[in-house]
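Dear colleague,

Please find below the structure that I am handing over to you. A summary of the findings follows it.

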Amino acid sequence: ATFWKRGSFEPWTNDDSQDDNNDDDAEKILSHQARGRTMTSILRHKRHKQNEDKQSKENNNTDDVSSSCPILAVINCHLEGHPRQYAARIKQLQHSMEDLAKQKATRNIPLNGLCISGDFNCELQSSACSTYLRLGRVGRKGGLGGVHGTAAAVVPTKLLESEEAAECLHPILEWGKPIPEDEMEKVSPHAFRHNSLLSAYPPYLGSTDAREHFTFCANPHRPVAGLDQIWFSSFSLSRIALRKPLFSYEERMNALWTGLPAPFYPSDHLPIGAILDWNSCDASSSMECSIDDDASSSSFRTAQRKCTEAGIRELTITEKTAPPIPKSKSPIMAYAELDMLLVTCPFDSDEQRVILESIVEDVPDVPANPKEKPSQEQLRKLSEMRERKKHLLMTASGPCRQVLQRILKLQKVVASYEK
């Protein structure tokens, strides 16, 4: 369930599209959407506008800095619990975000912030879901999964050496085991990947020792770090504070010794929480806004953007696009392989080499239009060419024959490109 203070938030409704006959049920349909494992609520932050109006009056400023209240979408989730159902968990997140992006476009929602929270049933420190939310894509369909074969993405060397690409190209570990490539094959990049989704709790917490930070401990001495998570769009929201799952060393030791539930903790999960605030921009300033990935981490990165409007920015929705996968049949590769094989082929004799070179270079002319019938002379030359190829392969030794067959096949491919 998702709860909010009525004095601060209210369900979002598109006032322009509603008429006098609309009732509370229509309002609920617009502001809430539920799936099997997720529930999305779209809320208008009233308190933010009240604070701005109060400050505007104190400064005797009649211009309203923000004519509308910022809109926040909250995705409350309880993802698939089976440890090996990584693809199911990602698709549950993917579908909920796709629904939200579609609703933003069709309902014209000025969405300013996104918060995803709940029981992810996978570790924050290393899992497919955390990689998917942070980077926006996983697997080959995302354009970065795999560096070998024709389905690999063509990306610059600098990108391949980056930390983000390494997380996509290398196997993702979940519960200590690598996720098979085919499990991530059909996962499309999510629509909010250009809004810098970050975890409120730094991933390094509990990464080396789960006893130091955990949110789940159903059995004694078997804690799980980061099972419950909070993610937010850091380009429009800032993390102000975090709630400690356990407030003292004694409470943590007792929970580890007895497991959960325990006195004062009626669930096998520990409560987590975060205080978030809006990032307001000043369009008149020449400086760029800086958003730290994780200011408390020893190696954090800084994202920058130039504001074009005053107030809180609206989230960017990225439409589905085909991944940058090169074609399996490349003329450059065909020419390169043909030249290489002509040099390295283990010919049985020099005469065999001369015959092959004449076959490759002396290609009979045929009509460019496939519907046009070849002349009698062209048919005669094609028949002679087939006989020469057949005789060449029949008289060649085993190792040489395999290379010759590949050369003749590549010769057809190259000829098709030259038409």
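Which residues have the most contacts inside the largest nonpolar core? They are Leu114, Ile116, Phe120 and Phe192, in a core of 48 residues. A nonpolar core here is a set of buried Ala, Val, Leu, Ile, Met, Phe, Trp, Tyr and Cys residues joined through side-chain atoms within 4.5 Å, where buried means under 20% relative accessible area with a 1.4 Å probe, protein chains only.

This is a predicted model, in which local features need pLDDT of at least 70 and side-chain atom pairs count only at pLDDT 80 or more, while totals for chains, interfaces and linings use all residues. Residues are numbered from 1 along each chain as its sequence is written, and side-chain values use heavy atoms, leaving out hydrogens and water.

Helix H3 (86–107) is among the elements that give two or more residues to the core; helices are DSSP runs (H or I) of at least four residues, numbered from the N terminus. H3 supplies the largest share of this core, seven residues.

H3 also packs against H4, at an angle of about 30 degrees and with the axes 9 Å apart. Axes are lines fitted to C-alpha atoms over the stretch in contact, and angles run from 0 to 180 degrees between N-to-C directions. The two helices are therefore roughly parallel, a term for angles under 35 degrees.

As to confidence, the average pLDDT (the predictor's confidence in each residue, from 0 to 100) is 77 for the protein, and 71% of the residues score at least 70. Over residues 143–157, pLDDT stays under 50.

Key: Buried < 20%, exposed > 50% of the residue type's maximum accessible area, 1.4 Å probe, protein only. Contact = heavy atoms within 4.5 Å. Parallel < 35°, antiparallel > 145°, perpendicular 65-115°, else oblique.
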